[in-house]
Amino acid sequence: MALRDLKPTRSELIAIKRRIKLSERGYNILKMKRDGLILEFFKVLQQAKDSRGAMQERYERAVEMIALANTVEGAIGVKSAAFSAADAPQITLKSKNIMGVVVPEIESSSVRKNLTERGYGVLGTSSVIDETAEAFEELLESIIEAAEIETTMKRLLDEIESTKRRVNALEFKVIPELSEARDFIKMRLDEMEREELFRLKKIKARSSS
């Protein structure tokens, strides 16, 4: 805001004071929002750590089980059981709101199946195939959960950065510039008032002499 472009008037001073008040109110609201978002982010961050740990454990178990199944059933038997799976998991993407941030909510169905739903013949396979299928179903559940949490974390982080920029702009640019403009107009109005008072005194002195 260029001070030379300001009009040193009472109405301009009132308008700038109003803008300062609105900016300070916006600053306080955005600051509370930023702090709230940071708290939410750390909650989700902890969930992400837990989710990654669980996913790693389930991945390692699934790898162990597929190796065991290949040994017991042979690669052809494992592939035959895998290809016989009829139903693919159904993913439904919804959304929820966290402090004004829209984040995904992923719902899945048909991930965990019982023996009859998996499609392969129960009599023609060993329990190792069942345990392997269960291990991969659990891994898939972890992957879906992790996808929701990781996306939520990213969107919260983006909103925190955006809010932080707006807070900083108000704190270090908008409000200081408006305050400087207010002080400048007040100074000019005081000068004009003193000049007017001095002029009136001179007029009065001339008229009395």
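Q: What share of contacts between residues at least 6 apart in sequence joins residues at least 24 apart?
A: In this predicted model, the share is 78% in the protein chain. Contact here means heavy atoms within 4.5 Å.

Q: Which elements does the protein chain hold, and in what order do they run?
A: There are two helices and two strands. From the N terminus, the order is α-β-β-α.

Q: Where is confidence highest, and where is it lowest?
A: Start with the general rule. Where pLDDT is low, predicted coordinates should not be read in detail. Now this case. Helix α1, residues 10–83, has the highest confidence, at a mean of 92. Strand β2, residues 101–109, has the lowest, at 84. The mean for the protein chain is 87, and 89% of its residues reach 70 or more.

Q: How much of the protein chain counts as buried?
A: Buried means under 20% relative accessible area. Of the 209 residues, 26% count as buried. The accessible surface comes to about 13,900 Å². Carbon and sulfur atoms account for 56% of that surface.

Q: Which residues make up the largest nonpolar core?
A: A nonpolar core joins buried residues through side-chain atoms within 4.5 Å. Here the largest has eleven residues: L37, F41, V44, A48, I98, V101, V103, I149, M153, L156 and I160. Another core lies apart from it, with nine residues, including A62, M65, A69 and V78.

Q: Which residues does I160 touch?
A: Leave out residues up to four places away in sequence. I160 then touches L37, I38 and F41.

Notes. Residues are numbered from 1 along each chain as its sequence is written. This is a predicted model: local features need pLDDT of at least 70, side-chain atom pairs count only at pLDDT 80 or more; totals for chains, interfaces and linings use all residues. Side-chain values use heavy atoms; hydrogens and water are left out. Helices (H or I, at least four residues) and strands (E, at least two) are DSSP runs, numbered from the N terminus. Buried means under 20% relative accessible area, exposed over 50%, partly exposed in between (1.4 Å probe, protein chains only). Accessible areas come from the Shrake-Rupley method with a 1.4 Å probe; for residues, only the protein chains shown count as cover. pLDDT is the predictor's confidence in each residue, from 0 to 100.
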